[in-house]
Amino acid sequence: MTRARDALEEHVDGVRTRSEEAFSAVYALMANGLASYANGMLRDRLAAEDSVQQAFLELARAAPNLRGDGRSLRAWLYRSVRYSCLDEIRRRERRPEVVTDQVPGAGYRDEIDLPDPALQAALLALSERQRSLLVLRHVVGLSGAQVAKAMETNRTAVYAATARAERRLRQLLEGVESEHVAASVSVEREVLDER
Amino acid sequence: MSVDIRDRLADLEIEIVPETAQRHRAAIEAELKSPSPIPVRRMRGRRRPTVILAIVALIVLTAAGALAAETAVQGEPLYPVKQVTEWARTWIDATVPADHRIEELDRMIDRRANQEEITDQLQRAEDAVADVAVRDAVPVDRLDRARDRIVDAEADAPNSDQPVGDDPPSDGADRPPDSTLPPLERPGDGDEGEQDGRGDALEGVEGDLSLPAAIPPLCRRAAASTERGETIPRWVLRAWPDYLPQPGDRALDSP
């Protein structure tokens, strides 16, 4: 992380002048982390990649006004991805759910990239903020200070909220898994009865 | 357990495939090659002075309006503005309405407004003074001075010997042409038939006050208030030299 931060600081001036080399370097350093964050938020790989592209396009437009150092640039990118994820979530909530036998297209790809259904169900039950914190801390691997800057809060609040989110996720996972166990046991019994 | 959650969350980590990355880079380069958009902050920067200017203009105009309204008197267009500011200031200083009414009375005397208007204004000033709970804070002496000025203005009128309603003599006196101040009539003036008609203000007053019939309404009201046991102001005596102190008079301000 330290290496990435230093590398970002080297490119901040280039980003401000809209240099293609600087943008390319920043993309190489940040794209996977941003995509993982968006994937954790949306549970949708394609939408996650779109949000990363959107964040960089917005950065290209707003670059002349960018202020601060490499940490600010990192926080700016994560905030941009977060907002586009929130927009996408709101869009999905507004979109009516259609039951269809067709092959899932855009918007119905949730289970494609997340093979762990219990984790998927538990993450769905978390609030957007809790999900953001867990993903930024444990998937992207940002420090408490970096998460605080990206989430526009302070470090103490990040640690406390992350602990609460972990506790909640653990409880949810236990509940979901026990339901899964019960469901699988009943399915096995039905199969045995049929035999 | 915590380690387990982190391990499971680690499954969410993804890497952008080279083809997608290439597509993203191309889009970013295209965006960078397009003309630089107007920076958001510069737009804000253009808007900000306008907003600040509008706020300052609003404050200045409001202050100017309130300031201009300070000199307004009853019947003028800015008088409602003055009433609003006065209402607000009354929360801080209860004597503001009394001050204003007396100032307005002074201004109307300066402008030589007609006597009816001055009489109404004097009534408003007296009411405002009476409404103030803390009597020490009330500028009663200013009200008395205003009364003196009314009498002086009437006494100094060049046609004081002319009957009410007659045209003023064309003696070149320095008097505004629109002045409608009637001349002050001295005791004993006027015809006998009106001497007994002392005006509504004196109804119920006991004793023979020997009021002249044509004494201006201001003097009549002053006489009535004197009869109620209040201090006789000097202007009453100047306007009405033959007045005899009555048993109810508490003090006499000698002329």
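Over which residues of chain A does pLDDT stay under 50, and how many contacts beyond four places in sequence does the model have for them? The stretch is residues 102-112 of chain A, with 8 such contacts. Here pLDDT is the predictor's confidence in each residue, from 0 to 100, and two residues are in contact if their C-beta atoms, placed from the backbone, lie within 7 Å.

This is a predicted model, in which local features need pLDDT of at least 70 and side-chain atom pairs count only at pLDDT 80 or more, while totals for chains, interfaces and linings use all residues. Residues are numbered from 1 along each chain as its sequence is written, and chains are lettered from A and ligands numbered from 1 in the order in which they are written.

**Confidence**

The model scores ipTM 0.74 and pTM 0.48. The values for each chain are as follows.

| Chain | Mean pLDDT | Residues at pLDDT 70 or more |
|---|---|---|
| Chain A | 81 | 77% |
| Chain B | 67 | 52% |

Within chain B, confidence is highest in helix H2, at a mean of 90, and lowest in helix H8 (residues 217-227), at 56. Residues 160-215 of chain B have pLDDT below 50, and this stretch has 77 contacts in the model beyond near neighbours in sequence. In residues 250-255 of chain B, pLDDT likewise stays under 50, with 12 contacts beyond four places in sequence. Where pLDDT is low, the predicted coordinates should not be read in detail.

Chain B has 9 helices and 0 strands; helices (H or I, at least four residues) and strands (E, at least two) are DSSP runs, numbered from the N terminus. Of the 255 residues in chain B, 22% are buried, that is, have 20 or more other C-beta atoms within 10 Å of their own. Among contacts in chain B with a separation of 6 or more, 45% join residues 24 or more positions apart.

The contact between the chains takes 33 residues from chain A and 27 residues from chain B. On the chain B side, the elements giving two or more residues are helices H1 (2-9), H2 (18-33) and H3 (40-69). H2(B) gives the most, with 9 residues.

**Arg155(A)**

Arg155(A) lies in helix H8 (residues 155-194) of chain A. Arg155(A) counts as partly exposed because it has 14 C-beta neighbours inside 10 Å, a count between the limits for exposed (12 or fewer) and buried (20 or more). Leaving aside residues up to four places away in sequence, Arg155(A) touches Gly144(A), Ala145(A) and Ala148(A). The C-alpha atoms of Arg155(A) and Gly144(A) are separated by 5.6 Å, although these residues are 11 apart along the chain.
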